[in-house]
Amino acid sequence: MRKNIYLAAVFSDHCVLQRNKEIRVWGCAPHGTKIEVALAGKREETRAQGNAWEITLPAMEAGGPHVLEVASEGKVYQRFEDVMIGEVWLAGGQSNMEYMLKQDADGAAALERMADADVRYYQVQQVPFMDDYFYRVEQDNHWMLANDEEKDTWSAVGFYFAERLAKELGVTVG
């Protein structure tokens, strides 16, 4: 019988995980399910408690791309490609953060050079409260790259900040 094992939606292909800090990976699975997580040669395991699980991997230096695998009883359930270890920043707010690259006077130029910026983007959907709808919408989220069709909807403020930080630090910024 196949067990349902899920990860939080923030884990997807192209995700960025924070460098030089312990890396938490979490999700849901039936109580007692053995969960194994592997990333960049590191492997940890646990058992789901009360249908939830969490694994902490050791801190890692910036780099990649890596593969993040989640397995149970030797069977891989989810495999994420092109995972980078770098800087992860949260950009929150209202109108300033909602201002999209396509609306910015310099947005066209930013979109042209975006492929050269080591920046990835994760947009949290605007949902007024956490209910079943929130979780359905969140499961559709994913990390975006500079070649994504929706790149012109990225936060202009967020992109300019991430672009500068990636250039100054020499690491991928999400």
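Two strands count as paired if DSSP finds at least two bridges between them. Helices (H or I, at least four residues) and strands (E, at least two) are DSSP runs, numbered from the N terminus. This is a predicted model, in which local features need pLDDT of at least 70 and side-chain atom pairs count only at pLDDT 80 or more, while totals for chains, interfaces and linings use all residues. Residues are numbered from 1 along each chain as its sequence is written, and side-chain values use heavy atoms, with hydrogens and water left out.

**View 1. A hairpin is formed by β7 and β8.** Two residues sit between the strands of this hairpin, and Glu73 in the turn has a positive phi of about 55 degrees. Strand β8 covers residues 75-86 and runs antiparallel to β7, with seven bridges joining the two. One spot to look for is Val70, which stands opposite Gln78 in β8.

**View 2. On to β4 and its pairing with β7.** Here β4 (residues 34-39) and β7 (residues 63-72) run antiparallel, joined by four bridges. Val37 has Val70 of β7 as its bridge partner.

**View 3. Three strands make an open sheet in the order β1-β3-β6.** The pairing in this sheet is antiparallel. Which strands stand at the edges? They are β1 and β6 (52-57); each has a single partner strand, so one side of each is left without a neighbour in the sheet. Strand β3 (residues 23-28) pairs with β6 over six bridges in the antiparallel sense. Within that pairing, Ile23 stands opposite Leu57 in β6. As for the side chains, in a regular strand they alternate between the two faces of the sheet.

**View 4. Ser12 sits in a loop between β1 (6-7) and β2 (16-18).** Is Ser12 buried or exposed? Ser12 is buried, because its relative accessible area is 8% (buried means under 20% relative accessible area, exposed over 50% and partly exposed in between, with a 1.4 Å probe and protein chains only). Leaving out residues up to four places away in sequence, Ser12 touches Phe80, Val83, His142 and Trp143; a contact means heavy atoms within 4.5 Å.

**View 5. Glu98 belongs to helix α1 (residues 95-98).** With 41% relative accessibility, Glu98 counts as partly exposed. Apart from residues up to four places away in sequence, Glu98 touches Gln103 and Gln126. Trp154 is 56 residues from Glu98 in sequence, yet the two are 8.2 Å apart in space, C-alpha to C-alpha.

**View 6. Zooming out, the protein chain has four helices and eight strands.** Along the sequence they follow the pattern β-β-β-β-β-β-β-β-α-α-α-α. The C-alpha trace spans about 55 × 35 × 25 Å along its principal axes. Buried residues make up 40% of the 174 residues. Among contacts with a separation of 6 or more, 63% come from residues 24 or more positions apart.
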